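Subject: Structure handover

Hello,

Here is the structure I said I would pass on. Please open it beside this message and follow along.

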Amino acid sequence: MTTLPHPQGAGRETRKVTVPAILARKPRGEKITCLTAYDYPTARLVDAAGVDIILVGDSLAMVVLGHENTLPVTMEEMLHHTRAVHRGTQRALLIADMPFGSYQLDPNQALVNAIRFVKEAGAEAVKIEGGEKRLDLILKLVENDIPVMAHIGLTPQSIHALGGFKLQGKTLAAAEQLLRDARAVEAAGAFSLVLESIPAEVAEQITRELKIPTIGIGAGPACDGQVLVWHDLVGLSFGVQPKFARRYADLRAELGQAVRRFVADVTTGSFPAEAETNRLSPEVRERWLARSSR
Ligand code: KIV
């Protein structure tokens, strides 16, 4: 493991988070933290605050690009944002979400796309949605040394098939399918598993059975770690706040207030003030005034 100077300085040191380090957390019962980020300044903030995993989620499509769901985001857009996050990340493990259409067609094309995330954008792992049906794909990526985070439950790329952003695994049959999906992705070699919007009891059972860590979002407290979307965490989302998302700041209100103050200051002439203004030196100023009054 590489030891890095802690980005917050002051002599603090911390270790680069790697895939084996994430796996080692589970037997020690140490919780794992994961947040999404889509740009350089957010990555700097999240990384310096000590989050273990930064996920460049395809939620980018909704919270940054303004789409209705995650389906339209492209490989090029995901690569662009992953590069920016990579430049702002020192300590956290960086995972890129493979967008809809980039891994469903055939495993070779999926491998090419996964390699692009690692080679061109600095990702250290990729995330794909789906359980049993992704078995061959996960095997292929893992045998080519690309660590895979799997994602089951509410998988937003299946929004049309699922009929909306709804809690999954509510019936006995659906809960048992989730368990089979979880076992399958672990057997295929995934190093972690996102459980999204499923009942806490089902997540607890999956977490107990698997050796790989589960990272929950709307899956209750028993998961080995928790993930939230950055915009939900800081109150920057414009859609409906999901029941499971805890808001730790209200940046929309705060930023709106800042913009209103700027508008008022410019309108009234109080910005820029003298302290925010550059002036000529007295000698040049004198010559300048004499010249322009000629
Ligand atoms: O795209 C995303 O942000 C995600 C997380 C919510 C897990 O998949």
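This is a predicted model: local features need pLDDT of at least 70, side-chain atom pairs count only at pLDDT 80 or more; totals for chains, interfaces and linings use all residues.

The ligand

The ligand sits in the largest pocket. Around the ligand you will find Thr 36, Leu 55, Gly 57, Asp 58, Ser 59, Asp 97, Lys 127, His 151, Val 194, Ile 217 and Val 229. By type, this shell divides into four nonpolar, four polar and three charged residues.

In Ser 59, a polar side-chain atom is 2.5 Å from an oxygen atom of the ligand. For Lys 127, the distance between a side-chain N or O atom and a ligand oxygen is 2.9 Å. For Asp 97, a side-chain N or O atom and an oxygen atom of the ligand are 3.1 Å apart. As for cover, the ligand on its own has 260 Å² of accessible area, and the protein covers 96% of that.

The backbone

Two places in the loops deserve a look. Which residues does a cis peptide bond join? They are Phe 271 and Pro 272, and omega is about 0 degrees there. Pro 272 belongs to the loop that runs between α11 (251-268) and α12 (282-292).

The other place is Asp 145, found in the loop between α6 (135-143) and β7 (148-153). Asp 145 has a phi near 65 degrees, which is a positive value in a residue other than glycine.

Regards

Notes. Residues are numbered from 1 along each chain as its sequence is written. Side-chain values use heavy atoms; hydrogens and water are left out. A residue is near a molecule or strand if one of its heavy atoms lies within 4 Å of it. A polar contact is a pair of N or O atoms within 3.5 Å; within protein, one must be able to donate a hydrogen and the other to accept it, and residues adjacent in sequence count only if both atoms are side-chain atoms. Accessible areas come from the Shrake-Rupley method with a 1.4 Å probe; for residues, only the protein chains shown count as cover. On a 1 Å grid over the protein atoms alone, a cavity is a set of points where a 1.4 Å probe fits but cannot get out, and a pocket is an open set with protein on both sides within 12 Å along at least five of seven lines; lining residues have an atom within 4 Å of a point. A molecule sits in a cavity or pocket if more than half of its atoms lie within 2 Å of its grid points. Ala, Val, Leu, Ile, Met, Phe, Trp, Tyr, Cys and Pro count as nonpolar, Asp, Glu, Lys and Arg as charged, and the others, Gly among them, as polar. Helices (H or I, at least four residues) and strands (E, at least two) are DSSP runs, numbered from the N terminus.
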